[in-house]
Amino acid sequence: MITGSEKPTPADTFGGGNTGVFVTANGVVVVDTKLAGWGQIILDKIKTVTDKPVTMIINTHTHGDHTGSNSMFPATVDIVAQENTKANMTKMDAFKGDNAKFLPKRTFTDKMTIGAGKDRLDLFYFGRGHTNGDAWIVYPALRVMQTGDMFAWKDAPTLDRNNGGSGLEYAATVGKALATVKNVDTLIVGHSPLRTVPELREYQQFMSDFANAAKQAKAAGKTVDEAAASIDLTQKYKGYTKDRYKAAIQAIYDELK
Ligand SMILES: [Zn+2]
């Protein structure tokens, strides 16, 4: 993992999300490329562990802090993403015109397996959450799963409704990942340190509680501000913050309309 950053400020040190680097017999797979301008730093870091070329990029989802440096890699690199993510990326200014060649070249709907044996990668789509195209990347030989921003931090997630995200479906999507993917121990998450499967299970419970609390607040006639002030899951969920409640509650209110 090449780490990213948890908070987008200060802007000069925010590189974007965590990046997975997987060295296979034939080349290096890079999962998520951080913000624009970080490609050389990623390449320099890879050089410290292997001389093999980068042959594939996988983007977990559309956001610029996970796709921003696709264009810093050779145009021959294979680029893979879930099909909805490719559609979302196609709408971004960063992939217009000549830069369309850095869009995904291959997509999948629910599952894709790449490579075999110790080089195998399993890519899954389990449903809507952060966006409508979040890929979960499993490295079976390493017992590692990369969650992208479906598990970014221990706080309310960003719910990107413009790209199909859903706070109401979020917990069920995480539940599908937990039920489907076995034999992993370590999670590379979106924007914070390595996590474990029990922590993802806890996050699923948190998101279920959070969405229910937002639904109840709306039914009780509370404004988004009132809901953000009154909902507090930091006692039940140790180590969690509530810096991101308001935007997530707003998104759930909008979804309930
Ligand atoms: Zn994101």
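Trainee: Where is the place of Thr-3?
Mentor: This is a predicted model. In it, Thr-3 sits in the segment before β1 (20-23).

Trainee: Is Thr-3 buried or exposed?
Mentor: Thr-3 counts as exposed, because its relative accessibility is 53%.

Trainee: And what does Thr-3 touch, not counting residues up to four places away in sequence?
Mentor: Asn-18 and Lys-34.

Trainee: Switching to the metal. What coordinates the zinc ion?
Mentor: His-61 through NE2, His-63 through ND1, His-130 through NE2 and Asp-149 through OD, at 2.2 to 2.3 Å. Along the chain, the spacing of these donors is H-x1-H-x66-H-x18-D.

Trainee: Which parts does the pair His-130 and Asp-149 tie together?
Mentor: His-130 is in the loop between β7 (121-125) and β8 (135-139), and Asp-149 is in the loop between β9 (144-148) and α4 (170-180), so the pair links parts that are 19 residues apart in sequence. Both His-130 and Asp-149 are buried.

Trainee: Why is the arrangement around the zinc ion irregular?
Mentor: Because the angles subtended by the 4 donor atoms run from 84 to 172 degrees. Tetrahedral would need all angles between 85 and 135 degrees.

Trainee: Last one, Gln-82. Where is its place?
Mentor: In strand β4 (residues 78-82). At 1% relative accessibility, Gln-82 counts as buried.

Trainee: Which backbone oxygen lies 3.0 Å from a polar atom of the Gln-82 side chain?
Mentor: That of Thr-109. Gln-82 also touches other residues, including Phe-108, Tyr-125 and Asn-132.

Terms used: Residues are numbered from 1 along each chain as its sequence is written. This is a predicted model: local features need pLDDT of at least 70, side-chain atom pairs count only at pLDDT 80 or more; totals for chains, interfaces and linings use all residues. Side-chain values use heavy atoms; hydrogens and water are left out. Donors are N, O and S atoms within 2.8 Å of the metal (3.2 Å for Na, K and Ca); water is not among the atoms, so sites may look incomplete. Four donors count as tetrahedral if all angles lie between 85 and 135 degrees; four count as square planar and six as octahedral if opposite donors are over 155 degrees apart and all others between 65 and 115; anything else is irregular. Helices (H or I, at least four residues) and strands (E, at least two) are DSSP runs, numbered from the N terminus. Buried means under 20% relative accessible area, exposed over 50%, partly exposed in between (1.4 Å probe, protein chains only). Contact means heavy atoms within 4.5 Å. A polar contact is a pair of N or O atoms within 3.5 Å; within protein, one must be able to donate a hydrogen and the other to accept it, and residues adjacent in sequence count only if both atoms are side-chain atoms.
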